[in-house]
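Please consider the following structure with attention to its charged side chains and to one of its helices.

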Amino acid sequence: MAGRSEESDRAGGLLDEALTGTVHRTGASAGALYLLDQVSRVLGLAVLSGVPVEVVWPWLRVPLSAPVPVSDAVREDRLVWVGSQDELARSYPRAAASLPYRFALAAAPLPGRGRCWGALLLLWPASHPAHATARERSHIGAAARRIARVLDEAAFEHAVPRRPRLVPAHVAPRAHGALPSQTAADYIERLPEGALGLDLEGRITFLSTAAAALLGTDASRLLGTRPWQSLPWLDNGSVEDHYRTAVISRDPVAFTALRPPDTPLGFQLYPDSSGISVRITPAAALTPAPEAGPGSATATATAGTSPLARPASTGTVSAGATSSGTTASGSTPAGSASSGASSSRTAQAGRLYQLVHLASALTETVAVHDVVELVADQILPAFGADGLVLSAADAGRLKITGYHGYDRETIDRLDGLFLDTDLTPAGQVLAEGTPSFFANPDEMARRFPGAQQLSGKAAWAFLPLVISGRPVGCCILSYERPRDFSADERAVLTSLAGLIAQALDRARLYDATRDLAHGLQQALLPRSLPTLPGLESAARYLPASRGLEIGGDFYDLIRIDATTAAAVIGDVQGHNVSAAALMGQVRTAIHATAGAPPDQVLARTNRVLADLETDLLVSCLYAHIDLARHEVVWASAGHPPALLHQAGRPSGVVTLDPGPLLGVDPGAVYPVTVLPLLPGTTLAFYTDGLVESPGTDPGLIADDLARLLADHDGQALELTLDALLHRARPSGHYTDDIAMLLLRTARPPG
């Protein structure tokens, strides 16, 4: 066990070195490594350098399907470059809403041996050009491959972490002739203005005597604290936002704040990779911060106001002096004891952007499982929770729709409780519509003696999910250790409960509609394909990745007698119940005429559509297969041609003379094409969703799939189907529904 731990620590150290080295070599200001959990398909932030953890709370765990750069990089196996805040807002609006700062970023996959390990994320200051050069892109890709080799060679075993390791960024060496620390501190003390040093986490590491005097507080009460937490007159969202701007954009930032009762102070922040140097002066003596490029700005923040200014430019200076000024060196002063509780929660500006991010993410959830995954992946880590139970009110009971951090036996005991249960606070919370917070087991035991033993947790937040007075359900966050919920945290969780309620209610409606649509779709498609001696068959229907998962694509294999069959595939315009209903009518019309010549089958079906007076059009490909005569007779109504592979011959696309779509002209004629059907022939019928996507040529994709069909000659048809789908849609994301039908004639003996 100890050996495994040492091996894991060694691998972790190699990762840390690989990340900090990459950040240094690429000139980035910060970097992060995400590792992919192959089972849950979630990217977990494993290593972070150059920015505080609070900044990345919303992205500690990122589903592979999420619309963010690291997910796109892994899912699409490509380098993602975002060169500006404007580009981030256009391409990734959810991320931009919670990171309103100027910077550039790159996300690259980590390509290992036979797997993708995850993603490398790099950030650059606002001064970086908006476009990456080809050389820079090459360096980023090479860095990602080096990190992947580290993971390969270490045979790294990992689980998605709950919290990343924070490693210090590489600090560039100072100029030759730098003053000794005592000399530097003496120099700072002689200046009339105040000097203050912050680490990248925002904590005060140094302040001069003049700074303490200007701030009006003893230095021992400030060291190790964040200024906006230890100085009440700086406790507004704008001050922390200025700090976050400096950390993320690496711009000099200047703002003014009013120290009670009437003393305005000017603050100038100069960030780099080691921390932030802060210059404090009486506002009347303040001179503008040196410009470092377009977008440089100053802002005024008076106590009680909260302008979320977003100045941005680059900076260079960092304070590292020690001594006659006061420094913090690892120990926390007695006067800063309260900072422990403060630092355990994200501060106001961070909470605000976090709430914006989560609200944006909740609006994108579709199904109930999306809501559950979002709460588990992002809300739990953001509030340090260990467990989740999300339940919905259903027929007077609380039905659990999702959970995390509980065993199945506990969930079975909690599932289906009556709304007026007194076993847990959930029923009372939902009835009263007000949240309840329990900081420790004693608080819970006084009111609900059985609840703590039931879950084994040590602190709880019960959040009612209510919409316009209507109970929707209850969200329970639980903790393995006692926890004091601050007023700020309670307020944010209460606001978040309303957003979860809206998302859950909408998702339940979607799930109900989807289940109805799925049932209708399954009823309209063949339950199974008939068997004919000498003919193998396999079929697949895949709904579009978005929408009701119902459409008009259909397939069929109709047995006519022992040696003949009709193969049909078609596509009704639209993705709704009307399209599915018309598809059922078209299938019925084809069944009624199957066995007639293919041109007559399509002509009669076309007249049926004319009688129905529908506005929807239908494409259809009909093939009459005669195994005894070894031939296939084709007729097409504007449908993509089938793929053909004959043993020992080049594969390709069947050449047909198509007629018009069904429903266009009641008197349309459909030409017939007769082709030989040799033993060992494979035919692949498909709808246009397989080969059509923006920016691609359907003909080229069809030719590529025909070659792939030849490569899989002799394999099981189900495996061939999988290969064709993966080649055409490697991401597994379907913008249109897809129907496929594969047929193969038997080879002669020997």
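The paragraphs below treat salt bridges and then a helix.

The model is predicted, so local features need pLDDT of at least 70 and side-chain atom pairs count only at pLDDT 80 or more, while totals for chains, interfaces and linings use all residues. Residues are numbered from 1 along each chain as its sequence is written, and side-chain values use heavy atoms, with hydrogens and water left out.

Side chains of opposite charge can pair when their charged atoms come close. A salt bridge is defined here as a side-chain nitrogen of Lys or Arg within 4 Å of a carboxyl oxygen of Asp or Glu. The structure holds 19 salt bridges.

One of them joins the side chains of R75 and D72, with a distance of 2.3 Å from N to O. These two residues lie 3 residues apart in helix α2 (residues 69–76), which means that about one helical turn separates R75 and D72. Helices (H or I, at least four residues) and strands (E, at least two) are DSSP runs, numbered from the N terminus. As for accessibility, buried means under 20% relative accessible area, exposed over 50%, and partly exposed in between (1.4 Å probe, protein chains only). By this scheme R75 is partly exposed at 28% relative accessibility, whereas D72 is buried at 8%. The pair also belongs to a network of salt bridges that links D72, R75, E76 and R78.

Which parts of the chain does the salt bridge between R747 and D713 link? In this pair the closest N and O atoms are 2.6 Å apart. The bridge links distant parts of the chain, 34 residues apart: R747 is in the segment after β30 (738–745), and D713 is in the loop between α20 (698–711) and α21 (717–728). R747 is partly exposed, with a relative accessible area of 44%, and D713 is partly exposed as well, at 26%.

A further salt bridge is formed by E201 and R226, whose closest N and O atoms are 3.9 Å apart. It too links distant parts of the chain, 25 residues apart, with E201 in the loop between β8 (194–198) and β9 (204–207) and R226 in the loop between α7 (209–215) and α8 (227–230). Both E201 and R226 are buried.

Helix α9 (residues 237–249) has 13 residues. From its first C-alpha to its last, α9 reaches 18 Å, close to the expected 18 Å; the expected span is 1.5 Å times one less than the number of residues. Helix α9 is mostly covered, as 13 of its 13 residues are buried. Just after α9, R250 takes a positive phi of about 55°.
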